[in-house]
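Please look at the structure below before reading on. The paragraphs that follow go through its domains, the interface between them, the ligand site and the salt bridges.

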Amino acid sequence: MSHTPQRLPDAERSPHSAELYARARRVIPGGVSSPVRAFRAVGGTPLFMTRGAGAEIFDADGRRYLDMVGSWGPLILGHAHPAVISAVSEALANGTTFGTPCAQEVQLAERLVAAYPAAEQVRFVSSGTEAVMSAVRVARAFTGRDLLVKFAGCYHGHADHLLVAAGSGLATFGRPSSAGVPEPFTACTRVLPLDDEAAAAALFEREGTRVAAVIIEPLPANHGLLPQRRDFLAALRRLTRVHGALLIFDEVITGFRLARGGAAQWLDIAPDLATFGKVIGGGMPVGAFGGARAIMARLAPDGDTYQAGTLSGNPVAMTAGLATLEVLERTAGWERLESSGAELERLLQPVLARSPFPLHLVRQGSLFWLACHEAGAPRTAATLSAAESARFAALFHAMLERGVYLPPSAYETCFLSLAHSSSDLTRFATALRESLAAVG
Ligand SMILES: *Cc1c(COP(=O)(O)O)cnc(C)c1O
C-alpha cells in the first residue's frame, strides 16, 4: 500500500457515533455486544446505525450506506421489508411470548421440514450458537460417543468445545482458542484442515470408533468464503457413514440462502443433522436444529437429552421467519439472488483486473468475498499478512467514504439481499473502482 487515504478524525466526521462509542466503552466491554463490530481489524470508530431501509443503512450522523453486511446474514430481503414488518407488527399486538407452544412455530417447522428433507423434525432455539450446542449434544447422545470433529476456519458459534484453534496440516488435538475454556472441555474436539480427504481418513482410521459427529459449514463462510470440492464433502459423508458417526451441516448462514434446501440441496448431500439461524429468523433471534426422527427422538420430553429455552419458538420471532421464507418462496428469491450475484461478478471482473494489488472475488449465490491474499484466493483457512490486512483496512475506509458499508474485517463475507437492485450493484462496482484507485 503506497498511502492511506486522507481521513478526518472520527470525532469530526462522525460526532454522534464517536460520542455513543465513548459512552458504550464505559459500560460495555470494548463498547460492543459482538467483537467484530468494534472495527479493530480496520481501525477507526464503529458506526452506530439508526435505521435500515432496503439495501441501505443510516448512521447516527445522518450518513447513508449501501449495506453489504445485512446484519451478517439474516436480512436476505433487505432492511425493514414491508411484509416482515407488517407480519411482525400484527404478531406483536397479540403479545410477545407465552412460554407455551404456538401455531407459528408449527408453521415454521412445517416449512423447514418441507424444504430440507434431511430434517424430519426440528426444534427452535434463539441463536445459531444454541442450535449447534444442541445438535452436538443430541449427536453424542444418539451415538453414545464423545469425539467431535471440526475444521480449521469453520465457525460454529461460541460454545466452549467449539472454540478451538486450527491445527497445522495434520489432525491436531483441540486446544482452546479463547481464555476461559478449560483444556478438558476441548479434549473431545479434533480439528482437521478443510479440503483434505486424507487427513479426515487418517483421523477416522485412528479414532473412528470414538467419533460422535463431524461438523462442517458445507460452504465455509466465516474465514472468508472457502468453497469446498463436492468430492471432499462426499468423502466426509462416506467416512461418517462407514464409521457410525453423524455428519452435521452447520447451515446457519447457508440455510435458506444458498437454495431453499440450503447447501445440502446445492451439493446434493444429505447430512444427519443440520443447524439453522440467521435467515430463518428474518432478523429476530432464532436458531433451529433438525435431523432424522430417530435422532431427534432422543430430545426431552420424549428422550433423555435435555434442551430448552424460555423464548424458544416465540410467536414474534417465528412470524418474522415465516414472513421471510414466504417472500423468498413466492418471488423465486433464490434464483433472483443467484442472478444478482452473477451480475455483480460480471461488473467486478474488469474492476478487479485493474486493481493495484491482488484482489480476488470468491462468490457462491448471494455470498461473496473480496480476498486480499497475494497468493490467490485460498480454499483452506489462510492467514493474511500484515500488508494484506492493511490493504483491506484502507479499502474498507475508502468504500465507507463512498457510501458503501463492507464488513469491517478482511475475513468476513459480504451478503447480497433481494433489496440490492441492479443500480445498487453498479454503485458498488463504481465505488470499488474509485476506492482501489484511491488506495493503490
Ligand atoms: C453465525 C453463525 C453461528 C452462530 O450463530 P449466532 O446466532 O451468532 O449464535 C454458527 N454457525 C455459523 C456457520 C454461523 O455463521
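A polar contact is a pair of N or O atoms within 3.5 Å; within protein, one atom must be able to donate a hydrogen and the other to accept it, and residues adjacent in sequence count only if both atoms are side-chain atoms. The model is a predicted one, in which local features need pLDDT of at least 70 and side-chain atom pairs count only at pLDDT 80 or more, while totals for chains, interfaces and linings use all residues. Residues are numbered from 1 along each chain as its sequence is written, and side-chain values use heavy atoms, with hydrogens and water left out.

The protein has two parts, domain 1 (10-80 + 332-439) and domain 2 (82-330); such bounds come from an automatic or database domain assignment. Their C-alpha centres are 26 Å apart. Contact between them (heavy atoms within 4.5 Å) involves 31 residues of domain 1 and 33 residues of domain 2. The two domains bury about 2700 Å² between them, 67% of it on carbon and sulfur atoms. Buried area here is the accessible area (1.4 Å probe) that two parts lose on being put together, summed over both. W334, Q364 and R379 supply 28% of the area that domain 1 buries against domain 2, more than any other three residues.

Across this interface there are 11 residue pairs in polar contact, with both residues at pLDDT 80 or more. On the side of domain 1 that touches domain 2, the elements giving two or more residues are α12 (333-353), β12 (360-364) and β13 (367-371). Helices (H or I, at least four residues) and strands (E, at least two) are DSSP runs, numbered from the N terminus. The largest share, four residues, is from α12.

Which side chains meet in a salt bridge with N to O at 3.4 Å? They are D195 and R379. A salt bridge is a side-chain nitrogen of Lys or Arg within 4 Å of a carboxyl oxygen of Asp or Glu. Between domain 1 and domain 2 the count is one salt bridge, and the whole structure has 19. D195 also forms a salt bridge with R229, with the closest N and O atoms 2.8 Å apart. D195 lies in the loop between β7 (189-192) and α7 (197-207) and R229 in the loop between β8 (211-216) and α8 (230-242), so this pair ties together parts 34 residues apart in sequence.

A polar backbone atom of G128 is 2.8 Å from an oxygen atom of the ligand, and a polar side-chain atom of T129 lies 2.6 Å from a ligand oxygen atom.
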